[in-house]
Amino acid sequence: MAYLDGKTAIVTGAAQGLGEAFATRLAQEGANLAIIDLKPAVHDVGVALRKLGHGVLVRQGDVANRGDCEALVRDAAAQFGGVDILVNNAGKWTRSLVTDPWEKAVADFDEIMDTNVKGALMMGRLCVAEMLKRGGGDIVNISTYYVLPARSEGTNSPSTDCYNASKWAMNGFTGPWALALADKNIRVNGIAMGATDTAMLRGLFKPNDPPAEAVNSWMRPEQIANLMIDLFKDGRSGENIGAWAGYPVELGPRQRADSLLRWRPDFTGEPLRIYGPPPWDDVPPMRNVSFAGPVKR
Ligand SMILES: NC(=O)c1ccc[n+]([C@@H]2O[C@H](COP(=O)([O-])OP(=O)(O)OC[C@H]3O[C@@H](n4cnc5c(N)ncnc54)[C@H](O)[C@@H]3O)[C@@H](O)[C@H]2O)c1
């Protein structure tokens, strides 16, 4: 019996890149999949997933659209009997600077926030309602290492302020959801990775191809998908899991975050499965980092 046999996972933005890798890995572990993407290629991913032998529901749709989110979660629950896992992966990226023209600034903000933040909020709210009926679940918000201490130059680029802000906003969901759901057997974490070889990252180099040296230093979507499965098996909650190109792609040590819990009136000091961010002390100073290339699992 596979690890996720009988479970149902929803992955947003699954037509390519990280979302496709997450969906594939979850299906390999036995889960039924419900996937959504703006791009018609999501149907091709659905065909590949079906070959892995489990239930697959495919929607070409928009996570910024309330009706599309409602229909996806409702149909997944009806078809598979519930929802156990949500991967909030769909994300948009664009160049945006504080000095941009006004009209561009407002349009960029709406486009990025509607998908990266409102989409995550709506999918989270809808899936939590289903997970509560099931008595548990796992949520992963796909963030970026921009929200973690820098280990290389280029972090928190000034030319992507809307994107950066959207991923910081996602932190505002991950922690509070983890706390609110700690005694409901629902774990909530972020995966906050750096350069991973996808169309989004390659798009930064357009109209040119990225240099081979850069590509060789990037992580692969499959490595991050393996990290996600390790995270589910580990069972921790309330963390942003970092993954930096050039460092081992693996779960860091857990840390009890009593400080996160003490605000709760019902906190008694009993161990809850809530852990805080990784210890920051081991982060090497910026500009003192060598890129050794991705580490194969
Ligand atoms: N690739 C990286 O280096 C990297 C690093 C850090 C974080 N991320 C994050 O990982 C996630 C996946 O990125 P990727 O690199 O695979 O990018 P990608 O552009 O290759 O894939 C993103 C997918 O999301 C879909 N999508 C976008 N908006 C959507 C919407 N409103 N509704 C439905 N689908 C939508 C796109 O059509 C696309 O198929 C994103 O949240 C991104 O911010 C990526």
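Student: In which handedness does α3 pass α4, right-handed or left-handed?

Tutor: The crossing of α3 past α4 is right-handed, meaning that the near helix is turned clockwise from the far one by less than a right angle. Helices here are DSSP runs of H or I with at least four residues, numbered from the N terminus. The model is predicted: local features need pLDDT of at least 70, side-chain atom pairs count only at pLDDT 80 or more, and totals for chains, interfaces and linings use all residues. Residues are numbered from 1 along each chain as its sequence is written.

Student: At roughly what angle do the axes of α3 and α4 cross?

Tutor: Helix α3 (residues 66-80) and helix α4 (residues 102-134) have axes that cross at roughly 25° and come within 10 Å. Because of that, α3 counts as roughly parallel to α4, a label for angles under 35 degrees. Axes are lines fitted to C-alpha atoms over the stretch in contact, with angles from 0 to 180 degrees between N-to-C directions.

Student: Which residues in α3 meet α4?

Tutor: R66, C69, E70, V73 and A77 in α3 meet M122, M123, L126, C127 and E130 in α4; contact requires C-beta atoms, placed from the backbone, within 7 Å.

Student: What does E111 touch?

Tutor: Not counting residues up to four places away in sequence, E111 touches K92 and T94. E111 also lies 8.8 Å from A64, C-alpha to C-alpha, although they are 47 residues apart in sequence.

Terms used
Helices (H or I, at least four residues) and strands (E, at least two) are DSSP runs, numbered from the N terminus. Angles under 35 degrees count as roughly parallel, over 145 as roughly antiparallel, 65 to 115 as roughly perpendicular and the rest as oblique. Two residues are in contact if their C-beta atoms, placed from the backbone, lie within 7 Å.
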